[in-house]
Amino acid sequence: MNFPKDFKWGTATASYQIEGAVHEDGRGESIWDRFSRTPGKVLNGHTGDVACNHYHLYKEDVAIMKELGVDSYRFSIAWPRIYPNGTGQINRKGLDFYKRLVEELLEKGIEPAATLYHWDLPQALEDKGGWLKRDTARYFQDYAGAMFRELGDTVKQWITLNEPWCSAFLGYGNGVHAPGKSDFNSHLHAAHHLLLAHGLALQAYRELNLKSEVGITLNLAPQYPASDSAQDQAAARKADGFQNRWYLDPLFRGFYPQDMPEFLAAVAPVIQPGDFDLISGAVDFLGINYYSRSVVRSDGQGGYEALPPQGPVTHMGWEVYPQGLYDLLVRVHEDYGPIPLYITENGAAYPDQVEQGRVHDPERTAYLQQHFAQATKLIEAGVPLKGFYVWSLLDNFEWAFGYERRFGIVYVDFETQERIIKDSGRWYQSFLKGLARG
Ligand code: JJW
């Protein structure tokens, strides 16, 4: 496989999923601490209290990345470590953790890429209404601005939000994620305030004239019609509007999709003049998290439904469909580009087991290999794909599934905190060794 010399290869994680140490150094409560303690919300009642204990083992984890040979590490900053109540005075001890982490990465020659919001909203802000409230976007701007000033260009890539569709819909629309609210219309208020938070953070970033890059990460999934019928094609277009265009259009065109009247009516009350100018401010790149696709058909009543997976699935039940990565990025490039693209997450969960100190995970290796092959094809087709981050460095807290879904290329024994590089991690290591890199 051929990749440009400066193509960035990385691994990705997120604060609540790996850090643990939830009561240390003045960290405040997040919505995921509260949600995971609510009976019935997370499989087996798992919480992020200890997770991978990365807060204490970060040096070991950076050493593993050095051994793998990655160029870049995508992590996230926990807002409640910086502002335990969401706003006010910086908690220096919390910030110091990220300063230590960044220093360790730079010392080992690994570029830090930081996400500012990967779902761990301070509970104190949720108590005031969370993302349903416009003020939360303002508090996010203050937090983001402080991080840009404190860490600045030591972080090479800044990502404002991770997967706002998940924060808005799973958090406020169907209640599967924290804070566990379920009201379809108001989830679009949350989505709007998240997009506004991104726009305000972008404004704060531009004021500082930093040399690093700033962008946003969306979880996008191509929606294929089940047949050529007009009904199924319209169904796929609707699903695409909900999953993809509702975020891409405001960011890159400055308005919501006009073919979605119910959505437009629901969001109208929270839109204020000037919002779209902020939301559509120029980003340096778009991050895309790609895992799978959907095939959808009309339900015969103006709505749509997804077909069962059409091929092999991962432990998440998600179809393995590498071609979808290609189709998706070509489409994003054509409809919204030109804009540099990064795959900020791609990877697969499988039920791994340790056998004599080894973890044999040929399916994960195949998954990665097939998706890397699509990345080569994209570059050959002229799509400005600049990097690829494997989700995840470590097995970790997979949200509503707790520790029962292992996405790592490094196995974590959650009893002993022992790390074992899986066969897929060894494969990634030899793949990286074989590349000509500048
Ligand atoms: C959808 C649940 C029905 C994470 C979903 C649940 C049921 C409509 C992986 N990406 O751990 C999507 N991940 O933190 C970010 N991506 O629906 C990083 N998407 O709703 C990874 C979960 C997800 C999901 C999980």
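This is a predicted model: local features need pLDDT of at least 70, side-chain atom pairs count only at pLDDT 80 or more; totals for chains, interfaces and linings use all residues.
## Around strand 7

Thr 217 sits across from Gly 287, a residue of strand 7. Strand 7 pairs with strand 5 in the parallel sense, over five bridges. It also pairs with strand 10, again parallel, over four bridges; here strand 7 covers residues 285–289 and strand 10 covers residues 341–346. On the strand 10 side, Gly 287 has Tyr 342 opposite, while Leu 286 has Leu 341 as its bridge partner.

How much of strand 7 is buried? Five of its five residues are.

## The barrel and its helices

Zoom out, and these strands belong to a closed barrel of eight, in the order 1-2-3-4-5-7-10-13, with parallel pairing. From one strand to the next, the twist averages 25°. Helix 8 (residues 164–173) packs on the sheet, where it touches strand 3 (111–117), strand 4 (157–162) and strand 5 (213–219). The direction of helix 8 makes about 40° with that of strand 5.

Helix 9 (residues 184–206) lies across strand 3, strand 4 and strand 5 too, and runs at about 165° to strand 5.

## The nonpolar core

The largest nonpolar core takes in 138 residues, and those with the most contacts inside it are Trp 9, Trp 32, Ile 77, Trp 131, Phe 140, Trp 158 and Leu 329. Helix 9 supplies the largest share of this core, with 12 residues.

What does Leu 329 touch, leaving aside residues up to four places away in sequence? The list is Ile 288, Leu 341, Ile 343, Leu 378, Val 383 and Leu 385.

## The loop between helix 8 and helix 9

Lys 181 lies in the loop that links helix 8 and helix 9. Is Lys 181 buried or partly exposed? It counts as partly exposed, because its relative accessibility is 36%. Not counting residues up to four places away in sequence, Lys 181 touches Glu 126, Gly 171, Tyr 172, Gly 173, Asn 174 and Gly 175. Its C-alpha atom is separated by 9.7 Å from that of Ala 168, which is 13 residues apart from it along the chain.

## Helix 15 and its buried face

In helix 15 (residues 423–433), the buried residues are Ser 424, Gly 425, Tyr 428, Gln 429, Phe 431 and Leu 432. Look down the helix axis and they fall within an arc of 165°, so they line one face. The spacing makes sense, because an α-helix has 3.6 residues a turn and residues three or four places apart point the same way. Among the elements covering the buried residues of helix 15 are strand 1 (8–12), helix 3 (54–68), helix 14 (362–380), strand 13 (385–391) and strand 15 (419–421).

The sulfur of Cys 52 has its closest cysteine sulfur in Cys 166, 19 Å away, so a bond is out of reach. Both residues are tucked in: Cys 52 is buried at 0% relative accessibility, and Cys 166 is buried with a relative accessible area of 8%.

Note on methods
Residues are numbered from 1 along each chain as its sequence is written. Side-chain values use heavy atoms; hydrogens and water are left out. A disulfide is a pair of cysteine sulfur atoms within 2.5 Å. Buried means under 20% relative accessible area, exposed over 50%, partly exposed in between (1.4 Å probe, protein chains only). Helices (H or I, at least four residues) and strands (E, at least two) are DSSP runs, numbered from the N terminus. The arc is that of the directions from the helix axis to the C-beta atoms. Contact means heavy atoms within 4.5 Å. Two strands pair if DSSP finds at least two bridges between them. Axes are lines fitted to C-alpha atoms, for helices over the stretch in contact, and angles run from 0 to 180 degrees between N-to-C directions. A nonpolar core is a set of buried Ala, Val, Leu, Ile, Met, Phe, Trp, Tyr and Cys residues joined through side-chain atoms within 4.5 Å.
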